Structure formats: C-alpha cells, structure tokens
Amino acid sequence: MFKKPKLPITLIRNFPDLLRIPETCKLRNYAFYSIHHTHVPTRLNCELLVLGGGAGGCSVASKFASKLDKNHVIIVEPSEIHYYQPMLTLVGGGIKKVSDAARPMRNVLPSGAHWVKDSAISFEPTNNIVRTKEGISISYDYLLVALGLELRFDLVEGLQEALANPDSGVSSNYSPHFAERTFENLKKFDKGNAIFTFPNTPVKCAGAPQKACYISEDYLRKHGKRENANVMYKTSLPVIFGVKHYADALNELCKRRNIDVGLRQELIEIDVGKKEAIFCNLDKKDDTFEIPYTMLHVTPPMSAPESLRNDKILSDETGFLNVDKMTLQHPKFPNIFGIGDCTNLPTSKTAAAVAAQNRVVFNNITHVMRGEEPRAIYDGYTSCPLVTGYGSCILAEFDYELQPLETFPIDQRKESAIMYYLKKDIMPSLYWFGLLKGFWNGPEVFRKLFHFGAPK
C-alpha cells in the first residue's frame with residue numbers, strides 16, 4: 001500500500017537519489033508516490049495546467065484549487081520569489097524596500113495545487129501536452145498560459161554592462177535587482193541630465209517609466225537639486241500617454257515642471273565610458289544622436305517568453321499568445337486560455353488588467369469544462385496609478401476603446417493625495433490577500449456603486 005508523501009514533489013526533487021518516485025504518475029492518483037523508486041516523474045497529468053505563477057496564473061489557480069480536488073491543478077513556475085511588480089516604482093523612489101515587494105513563491109501559490117518548479121519550453125496543443133526544461137511531459141485537459149513578459153536588457157547595446165556597474169548611473173525599476181539603484185542614483189545626483197526612457201516594444205505597466213521620471217523630479221526638487229538638473233523623458237511613442245483624457249493632464253504637468261518630453265525617440269545604445277545615451281529618431285531613418293547623462297533610468301525592451309516566441313501554433317506573428325480579446329480563449333484550441341502580459345490583448349499590460357481578466361478566464365474555463373460556450377466578456381479594463389510625486393497620483397482607468405472607465409465619482413485626471421495612498425498602502429494588500437488568493441476581480445462592483453449603476 002503506497003502512502004502519500006508529506007513533502008511536495010518540488011522539494012523531493014532536491015533530495016538525494018534515495019528518494020525515488022515512479023517514472024509515470026497521474027497527480028489525481030497522488031498515492032502512487034513512494035520513496036522506494038529511483039527518480040522524479042517524467043510524465044504528469046492534470047485537469048488544469050497553469051503556466052506561470054505570477055499575478056494571472058496564481059489568481060486563476062487559486063480560484064480553481066478551491067473548486068477542484070487536491071492536485072488536479074498543476075502550476076509550472078521556476079521562480080523561488082514572487083514580486084509585486086507595481087511596487088518597484090516606489091522602491092525606485094525610496095518609498096518602499098525591495099523586501100516589501102517580495103514573498104516566497106511557496107507562500108503565495110494555492111496549497112491545493114501542485115507546484116512544479118520548472119519552465120515550460122514547448123507546446124503540443126493537438127496532444128494536450130506541455131514539455132518542460134527538466135524533461136517533464138505534462139498532459140492536461142485545460143491549459144492556462146500566464147507566462148508574463150521577458151525583460152530584454154540584451155536588446156540595448158551596453159545596457160547589461162551598465163547595469164553590472166553600480167557606479168554607471170544607470171538603473172531600471174523593472175528589475176528587483178536594480179530598482180533600489182534608482183534611489184541610490186538620486187541621492188548621488190549633483191548636476192547634469194537625468195534621463196528616463198520608454199522602449200519601442202510592448203511593456204508591462206506603460207505608465208511606470210513616467211512614474212520613475214515624476215518621482216525623481218520631485219525628489220530633486222525637494223532636495224534642492226532641481227535647478228542643476230535637466231530632466232528628460234524619452235519615449236518611442238508618438239504621444240506621452242495613449243489615452244487623451246489623461247495625456248492632456250500629463251502634458252500640462254510636464255510643462256509646469258519643466259520636464260523635456262521627447263517623442264518617437266528610442267534608446268539603442270549606452271556608452272558607459274563616456275556616460276552617453278544614444279538614441280534614434282524613429283521618424284527619420286538612420287538619424288541618431290547622443291546625450292550625456294548623470295542619471296539614466298532605462299525601461300528595457302520586452303518580449304513574450306522564448307517558448308511562445310518560438311511557437312508558431314499558439315502565438316501570433318509577434319510571438320504573443322493568440323486569444324480572443326473578449327473571452328480570452330484561444331481561437332483554434334477551445335481548451336486553452338491566456339491571461340496577462342503574454343497575450344496579444346490590445347490593452348495595457350498591468351496587474352489591474354489581470355484582476356479584471358481572471359474572473360473572465362475562470363468563468364469561461366468553467367463553462368468549457370461543462371461543455372458550454374464561454375460567455376463571460378472582458379471589456380479591456382486596465383488601470384495605471386500614475387504616481388506624480390511624493391504624495392500625489394493620477395489614477396488612470398480605461399477600456400479597449402481608450403475611453404475612461406473610472407471607479408471614483410471625481411475627476412481622476414487631477415493629482416490626488418488619496419489616490420497616492422491608495423496606490424502606496426491599499427493596493428499591495430488587495431494584491432497579496434485579494435488578487436493572488438482569487439478573491440479580487442477588479443473594482444467593477446465599486447464603480448457601479450459609486451456611479452449608481454451607470455457604466456462609468
């Protein structure tokens with residue numbers, strides 16, 4: 001009679017060969033595991049396979065783990081640490097610590113799911129199989145792809161070299177390894193150019209590069225350094241923000257605070273020795289120019305993970321997972337869904353978007369499990385709390401049509417201390433104890449309440 005082990009397989013994998021597990025095993029029959037076999041399983045089977053333990057994967061897995069039998073949900077995620085990424089902007093301003101944004105992955109993934117600490121490398125959707133880096137073949141009935149975005153520091157020449165040098169003056173709030181350096185660079189800043197960039201690729205939280213700029217400008221002003229600083233925001237986009245409702249307010253803010261905004265300008269190279277940033281003008285072929293910097297905050301180019309970029313069946317021509325923008329279901333494989341940054345949904349890639357999407361994904365996977373057509377609809381809701389300084393924030397909320405979809409019955413284009421403390425103190429708790437636990441589906445209920453049932 002085999003007995004269920006007390007340790008999860010992810011921990012057993014790290015033990016000596018004395019812990020031996022059968023070659024093939026269905027997690028639904030978890031009792032097959034025993035210490036009397038030679039190695040970990042190379043084949044697994046589950047009802048729902050979730051690829052990615054970020055906000056999207058964790059939130060949906062939590063919903064299903066409470067509905068399905070134990071270990072009917074497998075989560076494939078290689079990371080030991082889960083980061084609340086929206087907080088890294090505040091880390092860059094010295095408002096929070098990296099440790100405030102981090103939790104052990106084992107503490108945030110649902111206990112009713114089985115964690116495979118590994119990476120997905122290839123898909124066989126016609127056979128309902130995903131293969132992992134460690135050689136595990138996982139069969140599934142339903143698949144949720146929640147792989148997020150890959151930071152491509154390698155796509156800017158000299159950027160990796162610059163980040164490897166703590167004295168380069170270069171930082172990036174997009175990585176927990178370099179976010180605190182932004183604040184260190186601010187404290188060291190004496191005079192010169194402080195440059196903030198936005199790349200020519202899709203990015204997670206498109207407002208974060210501006211937040212870094214606004215918080216830094218406010219810091220320099222508060223510490224008597226602003227007169228000797230030229231603050232520059234260089235973006236590859238043709239506008240400062242994609243939603244005109246908020247762009248007008250942001251343009252006015254930059255004008256009032258003397259922030260030099262350069263549109264259609266892409267960072268392509270960093271000369272660490274000369275401390276120069278090289279840009280190209282995207283509207284004029286082969287037009288490049290150099291700007292010396294004292295401080296340079298880089299938003300790296302980003303892409304879908306390599307497994308999706310290499311896949312020609314599930315992904316579109318840009319390498320992102322192809323899903324229906326309303327139902328989040330794959331157009332060719334009805335048992336496959338996507339959520340979050342790795343999808344080709346035409347909306348900003350934010351945690352707020354994931355909060356709205358996870359309810360839709362959960363409901364529609366449930367419908368398909370019952371043999372029904374998916375009925376839940378995602379309207380493209382996303383949100384970006386644009387922190388404009390120490391104590392002020394513009395809360396941008398909008399939909400697929402780039403129309404405001406605001407929660408509160410006030411003009412959210414105006415800088416607000418209330419929105420700042422909502423971002424700083426309330427949203428982290430909503431994330432850790434609401435979204436990741438499968439309870440928070442976005443502010444739609446509160447929006448209807450505040451607007452007496454009207455859509456916005």
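Let me start with helix α10, which is mostly covered: 14 of its 19 residues are buried. Keep in mind that this is a predicted model.

Just after α10 comes Gly371, with a positive phi of about 80°.

Now the record. UniProt, in an unreviewed entry, puts the feature "domain: FAD/NAD(P)-binding" at residues 48–352. In the model that span is 23% helix and 27% strand, and its end C-alpha atoms lie 24 Å apart.

Next, the hairpin of β20 and β21. Strand β20 covers residues 382–389 and runs antiparallel to β21, with 7 bridges joining the two. One of the facing pairs is Thr382, which stands opposite Phe398 in β21. The hairpin has 2 residues between the strands, and Gly391 there takes a positive phi near 115°.

Last, β21 itself, residues 392–398. Why do we call this strand largely enclosed by the rest of the structure? Because 7 of its 7 residues are buried, where buried means under 20% relative accessible area. Ser392, Ile394, Ala396 and Phe398 point one way from the strand. Cys393, Leu395 and Glu397 point the other way, and these too are buried. Note that Glu397 is on that list.

That is what I have on these elements.

How values were computed: Residues numbered from 1 in each chain as written. Predicted model: local features only at pLDDT ≥ 70, side-chain atom pairs only at ≥ 80, totals over all residues. Heavy atoms only, no water. Buried < 20%, exposed > 50% of the residue type's maximum accessible area, 1.4 Å probe, protein only. Helix = DSSP H or I, 4+ residues; strand = E, 2+ residues; numbered from the N terminus. Pairing = 2+ DSSP bridges. UniProt positions renumbered as here; feature names shortened; annotations may be inferred.
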